[in-house]
Amino acid sequence: MNPPVLEALAVTKSYRLGRREIPVLRGVDLAIAQGERVALLGASGAGKSTLLHVLGLLDAPTSGSVRFDGRPVHALPVAERARLRHRHTGFVFQFYHLIPELTALQNVLLAGMMATSTLAWWRGRRAARAAAEALLVQVGLQDRLHHRPAELSGGERQRVAIARALLADPKVVLADEPTGNLDSATAAGVVELMFSIQQQRRLAFLLVTHNEELARRCDRIVRMQDGVVVG
Amino acid sequence: MYRLFLAVRYLLTRPINLLGMLGILLSVWALVLVVSIFSGFLVEIERHVRSASADVSVHRLPAWASGKALEQALRDDPNVRDVAPRLVHYGMLGRPGDRPQPPPLLGRTALHGGDQPFLLVLGVDAAAEAAVTGFAGWLRAPSIPPDLRVADPTAPLAAADGTPRVLVGLERMQREGLRRGDRVLLTTGRLQGDGDGQKGLQQISLELQVAGAFKTHHGGFDGNNVFVDREVLRQALFPDRPDAVQEIAVRLHDESTLSATTDRLQRLVVRALDRGDDLARGHVQGWRDKNGQFLRSVEHQRGLLKIVLVVIMVTAAFLMLATLSMMVTEKTADIGILTAMGATPLGVLQVFLACGLTITAAGVGLGLSAGTLTSVYLEEIRRFVLWATGVDLFPLQVYNLDRVPCALEPLWLLQVAAMAFATGAVVSAWPAWRAARHDPLVSLRGT
Amino acid sequence: MIAAFSPFVALRYLLTRRINLLAMLGVTFAVWASILVDSVFTGFVGEIRRDVSRATPELILTDLPLDTGYEPLRSALEADDAVAATAPRLRHHGLLQPVRTPGGRAPGAEGAELHFDHMQSGFALLLGIDPLREAAVTPLHEWVARSETVLAARHVALPASAVLDEPDPLRRAQLLVPDDVEWLARRRAGLRVDGARAEHRSTWPGVLLGWRRLAYAPWLREGDPLDLLSAASVPTTGGAPQLRTHRLRLAFAGWFATSYRAFDETTALLPIEALRTMLGHDLADPDSIDLVTDVAIRLHPAARGDLGAVARRLQAAAQRALPPGSPPCIVLDWQQQNTVFLGAVATEQAMMQFVLFVVMLVAAFVIYAVLHMMVVQKWKDIGILAALGGTPRAIGAVFLLCGVVVATLGSALGTAFGVLSALHLNDANEWLFARTGLELFPRALFDLQRVPVRLEPAWLSTVALGAVLLALLTALLPARKAARMNPVQALAHE
């Protein structure tokens, strides 16, 4: 067994709503190793997405810790967390979350601009562009490079999102119901693509879903209920 | 109904609209404030001049003119309430033995004059003068300290112990350290022509006693004039002409017909002084004309300011346009739904127009109130700023004023409001029209 | 370091949203208007200051004791290396009256003892000058020469007076009008004329009047006699000085125009010797002194650097030349001589600039509104950028950059338009007037032929940079809002 890349240790998370504390995560332990494909199953409101956000450093846990390569990272300054997120984590969302003003290629390229200075990026722009194009070709969008999200189908948009998540060559990909918004035929294509890339790159892959069938294709299934891991 | 309802909803839920309103508010505020200062300044100066003037004055009278006859002729006019004959002469006033200083260097004089050593001597009948001008009030002005006040304001020029009296402007008295009862010498002269047209100047010295100070609001008048009894001056200047008069000050019943009355009196005076030689004698002037040059010199600065105020309006219009068209962009989905529910393009137009007009109305209303308030309390604000920062926003002494002037002319306020409202309507119309033309299908499909 | 995505995304936002154009136009307009209006106002103020300085000697020594003579002061002042020239000045006051005779043409009303059309018209600030020395200190010739153009602008065709061009220095010193001109004037006024026209010699000292008196005396012609009535204390042999009235007959020698309103309205220039004679110091009298109330001073150009120090040095020198125990005299530069007036003008300009600042502020509001809306609308994008690893600063920078680009472009365009339109303002004004009869800047307002325009580099850069800075400050608010958002909530935003 490989050592875990990403770990959640006794993570709790609660939100304030007015005067009330609403606990969402009540002590979650989870570890994902390199090359491991983990499915996170649970009903709506079980805390799956919150856990994903905490693991992706988008949100800080109320207590507990998040470790990346064994290093506690949850308490790092916000800019540091952003940098870490950029370098090691790729996100795929249910609603694609592409920037409507940008073409498919630009949306992918954007991921490469996050931690590079303007000057450095300008010098390496050809290489970055080639890399982004290669990724888009890999996800099967060689004909759609210069289309804007509005001109792409749902499946195509998700493929752009996948390419974008991979550009920085992350160790971890966190996918939040990536097929939730797609019809089954398209979804199947997207899933195949994701899994093949995951295997090829030996990514630690956390898939939030409520689709049992999809979950069964993963190495491990983690079930959540009311903010705790139940199995 | 839905139009108003929606307009109000949109406005209340979008705080950015406040900004559009703020733009209008700010520009209306600046407009009202700056213009009210300028108008106030003009009004104040005019009031100052007015306070020192008779309604109408008749002057340039020939030497042989009979005061009594002319006065009677003037009194026959229905609009003439009272008349006061005056002698107008010049001279220098000083304590006996004092040497007068040369006039101040041009740039160091008061902005509107009044500090020259040479002055005009007005020979007046105190009672007649009080009926025509604010003469009685000038002697009782509250700013005159008690020790400089005239002892008996009902007969200020009555000679005491044989010495005729003189009234001196308050500031001149203070500047020269004159006190009540001081003996002063009025030095003047009289031209006496010989048969050859050469005129000799016969010196006249009048010993006078200072009766006290007078104060109008017109610093220039106070500084340039002293009052003595008309009879005293007449005896010195025209001993052989008991009926001599050089100016007649006239008070009217109804000042609103000033120019018509002036014209009528002019004809009347010319007729009364006609000797059958077709020469027009005597000149009748309303107070505004008489001080025309002075008033005009103050007024000419207002023009450029109005240009700047238009500039603010246009900039505020940009702001309104930006916020409103962003609102339309953002509400495209709503527009689609509204149209789907059966709203006509006109109805949609009205919703957004109502938004724009409400913003404008609120901005104009608040701007007018804020402008009015700051204008009215400007003096207090100035004092506060002076106290807090030591910066004097408005150097009053330069203009001979005792507080920051402010005049709110309703007509002007109305004009500002109308202008702002028109601007608001124009800039609301464009986004509203865009909203009305919007294709509902595009909205509903969304992106 | 600016992360590469900030300018990239900012540029996309700018290009895809037309509302930014509106914000830019708002800034352009505000900058344009500020530059144009202020350049006109600065031009106007510059014109006023130029007029004031034209009418005022560079330095003036004043507050001298009564009965001060010129000579000791002159040698004391001219001993200083900084002084190029000095000229005596004698201030007095009086009443100028046209001479009326029974048989002659009667200007104004006949017979009245005095002629007051205006409170100040009859009064004159008499300025006795030495025409031979004055020109070295103030542009006296220019004052006279300008009257021709200034009057021509008011449709009065009058050639400038030639009294200063008189070749005979003795006659020039008295500002005498040509002999036949005075002869004719005497005839016109119905005064006795001894001898033939060719034999007549002018005797009346000349007086030059500020052109603004023309309104009260449009009938005045060169050589016309004027009576100066005045009073002054005259030293008597022993005993106290006594106040005496005087009459001095002068010949109207012409108009002068410095364009400094107060000067042209009040001052009458006459030969200093004539005034001295009237005040009891006739040149022929061995006991007389060369009386002055002020000494006008012009400096060598090289000495103008430190005016204050020169003024202090000259004051000390003059004070030493005065009798011991004299009250302190004072040396004023041209601005100090006119603080009241120049202060009033400066107040007006400050008010104007305040209003222009409000304009800028409103323009900055436009940027704020647009950016604020952009942040609200791009809420989800901000979440995406955060998820991709954008730091809060870099995300804020996206919106800040939008604001800066809009403001910089707007400001640059506005400055360019402002400068262009200021340069061509008069052409545009005239064109508009010729076509429509409308005047953008009414010339009557300025009392000038052309609208004065002066581009002040300091104001230009203040406006241009100020607009950008103000926009930057207002853009900070939406940018901060964007930087502070919670990415999780932003992503959930729909």
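Colleague: How many residues of chain A are in contact with residues of chain C, and what makes a pair count as a contact?

Modeller: This is a predicted model, and in it 24 residues of chain A are in contact with 24 residues of chain C. Such a pair counts because the C-beta atoms, placed from the backbone, lie within 7 Å.

Colleague: Which elements supply the side of chain A that touches chain C?

Modeller: Helix 2 (78-88) and helix 4 (118-123) of chain A each give two or more residues to that side. Helix 2 of chain A gives the most, with 6 residues. By class, the side has 14 nonpolar, 6 polar and 4 charged residues.

Colleague: How many residues of chain B are in contact with chain C?

Modeller: Here 67 residues of chain B are in contact with 77 residues of chain C. Helix 12 of chain B provides the largest share of the chain B side, 17 residues. That side divides into 38 nonpolar, 23 polar and 6 charged residues.

Colleague: Why is a set of residues called a nonpolar core, and which members touch the most others?

Modeller: The name applies because the members are buried residues of listed nonpolar types, joined through C-beta atoms within 7 Å. The largest nonpolar core has 355 residues, of which A:V108, B:I312, C:I367 and C:A467 touch the most other members. Helix 11 (residues 339-377) of chain C contributes the largest share of this core, 20 residues.

Colleague: What is C:I367 in contact with, leaving aside its neighbours within four places in sequence?

Modeller: The contacts of C:I367 include C:A23, C:V27, C:G403 and C:A471.

Colleague: Into which domains is chain C divided?

Modeller: Chain C has domain 1 (5-49 + 342-492) and domain 2 (57-333). Taken over C-alpha atoms, the centres of these two domains of chain C are separated by 53 Å.

Colleague: How do you know what confidence the predictor has in chain C, and where does pLDDT stay under 50?

Modeller: On a scale from 0 to 100, the mean pLDDT of chain C is 84, and 91% of its residues reach 70 or more. Over residues 102-121 of chain C, however, pLDDT stays under 50, although the model has 50 contacts beyond four places in sequence for them. Where pLDDT is low, predicted coordinates should not be read in detail.

Colleague: What are the ipTM and pTM scores?

Modeller: The model scores ipTM 0.83 and pTM 0.75.

Terms used:
Residues numbered from 1 in each chain as written. Chains lettered and ligands numbered in written order. Predicted model: local features only at pLDDT ≥ 70, side-chain atom pairs only at ≥ 80, totals over all residues. Domains from an automatic or database assignment. Contact = placed C-beta atoms within 7 Å. Helix = DSSP H or I, 4+ residues; strand = E, 2+ residues; numbered from the N terminus. Nonpolar A, V, L, I, M, F, W, Y, C, P; charged D, E, K, R; others polar. Buried ≥ 20, exposed ≤ 12 C-beta atoms within 10 Å, placed from the backbone.
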